[in-house]
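Trainee: I would like to learn how to read a model like this one. Can we go feature by feature?

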Amino acid sequence: MAKKPISVDKLTPMLAQMELERLKAEISKHNQAYHGEDMPLISDAEYDVLMQRNTAIEAAFPELKLGDSPSDMVGYLPQEKFNKIKHRVPMLSLGNAFDRQDVVDFYERIDRFLGLDGQPIKLTAEPKIDGLSASLRYEKGNLISGATRGDGQVGEDITINLKTIYEIPQQLQGDYIPDVVEVRGEVYMSHAEFKALNERQMAEDNKTFANPRNAAAGSLRQLDSRVTAGRNLHFFAYAQGDMSEQNVQTQMEMISQFKQWGFSVNPLMQMFDNVDGLIDHYAKIETLRPTLGYDIDGVVYKVNRFDLQERLGFVSRAPRWAIAHKFPAEQAKTLVNDIEIQVGRTGALTPVARLEPVSVGGVVVSNATLHNEDEIARKDVHIGDMVVIQRAGDVIPQIVKVVLEQRKADSVAYEFPRFCPICGSKADRELNPKTGKEDVIRRCEGGLICNAQVTERLKHFVSRNAFDFDGLGSKQVVQFYDWGIIKDAADIFDIEAKDGNEWDTIRKRDGWGDQSVDKLFIAINERREIDLDRFIYALGIRHIGENTARMLARSYETVEVFLSSMQAASIPIGADGNLFNEAYADLVNLDGIGDVVALSLVQFFAEDNNLNFIDKLLFSVATIALEKADESSPVAGKVMVFTGSLEIMTRNEAKAKAESLGAKVTGSVSKKTDILVAGPGAGSKLKKAEALGIKVLTEAEWIALVSN
Ligand SMILES: [Zn+2]
């Protein structure tokens with residue numbers, strides 16, 4: 001950790017210049033990490049401290065301000081993978097206020113600038129949503145493009161992804177719609193969705209997100225808009241950009257106009273004409289913060305009248321007429337007592353920091369997530385370290401940084417185990433077959449001999465989206481395993497027949513009585529028939545979440561076809577290592593399945609233990625095919641591909657519609673494809689379909705075909 005920096009008023013010009021250079025490098029590193037990679041290295045509060053110091057030095061030594069100072073930039077440069085969109089009106093960020101005095105200064109500055117001589121100035125106050133800013137452009141009422149903020153001048157074209165957000169109208173409603181309208185606002189993820197997403201990511205052994213903002217950013221900046229659509233993002237509209245004309249003169253009027261056009265606006269926005277009103281509202285919003293269900297990091301104050309905004313104009317990177325009053329970060333210092341390794345269903349080793357309990361923003365925290373081995377190394381966390389932890393909303397606390405000054409002299413770096421702490425098997429990091437990169441997750445290779453994996457598999461088997469037995473939760477299933485009553489999940493179905501014969505009846509054990517056991521047996525018997533998608537999900541195959549399981553169930557229809565296809569796909573991992581038999585090609589070609597998922601399936605079904613388990617399970621359980629889709633529809637049984645951009649339906653809607661009508665939707669065109677729906681911008685798939693003589697429809701023709 002760096003020494004405490006010299007205070008600005010003690011800097012000599014030479015030191016000031018060095019400090020400005022250092023801050024520029026530091027800030028640009030964090031900009032890249034924060035925006036470019038959706039992976040912040042420091043907290044927002046720490047970032048603000050860097051920016052503030054930079055601004056303070058520039059104010060004290062204006063002649064030393066660098067040509068490419070961080071105060072002239074707003075964030076990061078767009079990544080190469082998206083097309084760029086130039087903002088016709090730049091998207092600037094706001095200056096910050098951290099206490100009451102900053103707000104008083106802001107108000108007085110405006111008063112002086114406008115020469116109003118103490119006449120009240122109306123200002124709006126609204127929560128500052130902690131998400132990702134986006135700008136939406138409508139022409140003649142239709143959404144034609146959407147972009148991220150980018151560097152404020154040029155953003156990334158994420159139109160297709162923004163179209164998947166329910167709260168972003170594709171068409172403006174109402175009587176008054178100018179030819180060109182640009183609406184700006186914040187894309188965010190709710191706490192509930194964030195929690196569910198991380199649980200799904202964990203269940204499928206994918207990387208988890210540090211906070212809802214990173215999750216929203218990661219979801220929005222997907223090259224595959226179907227991923228975005230699955231994330232249930234939200235949008236609040238709060239500003240305008242390029243407008244061909246307008247009939248509103250204030251912030252308040254603009255917001256009600258947004259509402260009429262069909263946008264969601266934040267209900268906590270209010271207007272005040274003095275600093276006390278603003279501060280009271282700030283305090284009220286801070287009190288409401290834990291109950292809002294989404295992250296906010298402050299309150300934004302804006303001058304209400306547009307004509308006054310225009311007079312006030314801009315200074316450097318921020319408007320003079322608005323300011324963000326930030327909340328203090330909910331942070332605390334505590335000790336890392338231990339780093340514990342949890343072993344998941346598929347053998348993933350996940351580190352958790354056990355902390356000396358400490359209160360952070362009113363909640364006692366005793367654990368913090370460390371995500372994975374690389375994260376521990378990056379933050380250089382040792383057991384025994386004093387660390388700064390942070391909680392945002394109701395998100396799992398995280399370790400922000402180590403307080404190096406308080407590290408003990410004999411402290412040693414944490415060594416991530418190379419062997420499973422539960423079963424002692426080797427734990428390795430696999431190579432991703434596609435990228436050739438090492439996986440971030442170290443995995444126990446013990447499989448069925450690993451107690452941790454066996455019990456986690458059992459828990460998964462009885463979980464809500466799998467077999468979901470009434471009265472047999474994760475606690476009970478592990479109890480049965482510990483008692484030796486079951487060795488695997490298929491044994492659950494034999495408990496009733498064996499109870500009291502092969503072991504002392506569970507009716508006499510702690511926590512169980514006649515009534516609960518009778519109920520349990522009924523619940524188990526009710527699951528001797530189960531939907532195929534739940535059955536597939538319950539197998540606990542890596543990367544197979546509930547959505548993928550449903551898609552597999554729809555595509556293969558019966559358990560027999562599913563199993564034989566999976567086995568066929570996994571057979572010729574032959575001498576030449578060739579995976580690409582026809583069954584494998586069919587599998588990879590399904591919409592939503594890529595090489596990673598396909599390989600995971602193939603590996604699972606190549607394993608005798610797993611096949612034996614499935615045989616045993618099917619001895620007790622019958623599967624039900626998913627409800628048959630409408631056989632009479634014109635696309636029933638057809639294999640369909642969607643390509644290009646769809647303008648009326650979102651890709652996800654179109655896919656869901658097609659599937660509900662009995663079509664099978666795949667990701668690429670082959671000779672098995674029956675129909676290709678091609679929107680504007682369709683490329684190679686359209687060419688291939690034409691070459692193969694496949695029926696091609698426009699989006700309008702597709703809608704006409706299915707709407708009756
Ligand atoms: Zn193990």
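Trainee: Where is the place of Asn610?

Mentor: Keep in mind that this is a predicted model. Asn610 sits in helix H21, which spans residues 608-620.

Trainee: Is Asn610 buried or exposed?

Mentor: Buried means under 20% relative accessible area. Asn610 has 7%, so Asn610 is buried. Leaving out residues up to four places away in sequence, Asn610 touches Arg457 and Phe604.

Trainee: Now the metal. Which residues are the protein donors of the zinc ion?

Mentor: Cys420, Cys423, Cys444 and Cys450, each through SG. They lie 2.2 to 2.4 Å from the zinc ion. Along the chain, the donors follow the spacing C-x2-C-x20-C-x5-C. Cys420 and Cys450 link distant parts of the chain, 30 residues apart. Cys420 is in the loop between strand E18 (398-402) and strand E19 (427-431). Cys450 is in the loop between strand E20 (438-444) and helix H12 (451-461).

Trainee: Which geometry does the site of the zinc ion have?

Mentor: Four donors count as tetrahedral if all angles lie between 85 and 135 degrees. Here the 4 donor atoms give angles of 96 to 119°, and the site is tetrahedral.

Trainee: Are Cys420 and Cys450 buried or exposed?

Mentor: Apply the cut-off again. Cys420 is buried, at 4% relative accessible area. Cys450 is buried too, at 0%.

Definitions and conventions: Residues are numbered from 1 along each chain as its sequence is written. This is a predicted model: local features need pLDDT of at least 70, side-chain atom pairs count only at pLDDT 80 or more; totals for chains, interfaces and linings use all residues. Side-chain values use heavy atoms; hydrogens and water are left out. Donors are N, O and S atoms within 2.8 Å of the metal (3.2 Å for Na, K and Ca); water is not among the atoms, so sites may look incomplete. Four donors count as tetrahedral if all angles lie between 85 and 135 degrees; four count as square planar and six as octahedral if opposite donors are over 155 degrees apart and all others between 65 and 115; anything else is irregular. Helices (H or I, at least four residues) and strands (E, at least two) are DSSP runs, numbered from the N terminus. Buried means under 20% relative accessible area, exposed over 50%, partly exposed in between (1.4 Å probe, protein chains only). Contact means heavy atoms within 4.5 Å.
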